[in-house]
Amino acid sequence: MEGEPTQSAVVSDAISAEQPLVDRARRGDAVAFGELISKYERRVYRMARQITQNDEDAEDVLQETFLKAFEHLDSFQGQSKFYTWLTRIAVNESLMKLRKRKSDRTVSLDENIETEEEPIVREIAVWDDTPEQKYSQEEMREILDKAIDSLKPIFRTVFILRDVEELSTEETAEVLGLSIAAVKSRLLRARLQLREKLTRIFKRKGDQILGYAK
Amino acid sequence: MQNEAAHTQAPRKEMVTCHDFLRELNDFLDETTDPALRAELEKHITECPNCWVICDTTRKTISVYKGMEPQPIPQSIHQKLMGLIQKRCGCGSESHSGEEPPVEGQAPSK
Ligand SMILES: [Zn+2]
């Protein structure tokens, strides 16, 4: 565990390599902006799909995100990463779609979840060593998407930003307009809920299930 | 009683409970706990099989998601987006020429 490589070096390299591209795009260079699109469209589209849970909405979000980014590149100061800035636009667009589609309260990101009960842990079982080898890529993707889809938007969105898109806690808080504490507590609940769902699928068969003493 | 150095509800010196462990799990996995607390938590999972399993499977949960590469987006969607950008770029330098694909049926919304 100790020797995990830190991401920061990789990230700062990526920023400096990207800066000329962003500068050219800011001057209205559509080719440069096209390169940025090719670089990030997959992630933006995936994120939009995961948040909105709808293909059509995801396509709209993708278009609107890049169009807005192109129009507002002037306001991108370069203090954050271009991708973080893009993500903020994409998340806002996605949440707007979601609110439009479902008018229920569960969409609200401001919902006070701190008053809810403790995160629940029921399934305590070790996983098969290699779920990635037991299931095909498609199957894995389906399992993981389905598990994410079952989370409430407030948990889903935090998890996607932190653990799928690998934004930092601070960046996630910035993108969602939440406090660091709120991001952390939501992330914990999201992780535990997903762990619960995946454990039901990936647990080693035949193992005795341990009880969890509270 | 507030303790300046420690987190709001950091466990007492003596013993980390399963409850404490669960609460600190995120920071533990993200390696942002301070060394003293981290040592306590590490000690706890060597003694508590349940928390060890929870920790291990949560770590694996995060890692399977991180390992998923985003799929390429449909070519038609990509082309449409590129077309829209070129069109929008009537900002002086280059007007859109015959290269751009014909963009019929625009985004349905609005
Ligand atoms: Zn325990």
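Where in chain A is the place of A:Ser150? A:Ser150 is in the loop between α6 (137-149) and α7 (153-164) of chain A. This is a predicted model, in which local features need pLDDT of at least 70, side-chain atom pairs count only at pLDDT 80 or more, and totals for chains, interfaces and linings use all residues. Residues are numbered from 1 along each chain as its sequence is written, and side-chain values use heavy atoms, with hydrogens and water left out.

**A:Ser150**
- A:Ser150 is partly exposed, with a relative accessible area of 42%; partly exposed lies between buried (under 20%) and exposed (over 50%), with a 1.4 Å probe and protein chains only.
- The side chains of A:Ser150 and A:Lys197 make a polar contact (3.4 Å), that is, a pair of N or O atoms within 3.5 Å, one able to donate a hydrogen and the other to accept it.
- A:Gln193 is 43 residues from A:Ser150 along the chain, and their C-alpha atoms are separated by 9.3 Å.

**Helices α7(A) and α9(A)**
- The axes of α7(A) and α9 (residues 180-202) of chain A come within 8 Å and cross at roughly 95 degrees.
- The two helices are therefore roughly perpendicular, a term for angles of 65 to 115 degrees.
- Residues of α7(A), including A:Phe155 and A:Phe159, meet residues of α9(A), among them A:Leu187 and A:Gln193.
- The residues of this contact divide into eight nonpolar, one polar and five charged.

**Domains**
- Chain A is divided into domain 1 (8-104) and domain 2 (123-211), with bounds from an automatic or database domain assignment.
- The domain centres, taken over C-alpha atoms, are separated by 24 Å.
- In domain 1 of chain A, 14 residues are in contact with 15 residues of domain 2 of chain A, where contact means heavy atoms within 4.5 Å.

Key: Chains are lettered from A and ligands numbered from 1 in the order in which they are written. Helices (H or I, at least four residues) and strands (E, at least two) are DSSP runs, numbered from the N terminus. Axes are lines fitted to C-alpha atoms, for helices over the stretch in contact, and angles run from 0 to 180 degrees between N-to-C directions. Angles under 35 degrees count as roughly parallel, over 145 as roughly antiparallel, 65 to 115 as roughly perpendicular and the rest as oblique. Ala, Val, Leu, Ile, Met, Phe, Trp, Tyr, Cys and Pro count as nonpolar, Asp, Glu, Lys and Arg as charged, and the others, Gly among them, as polar.
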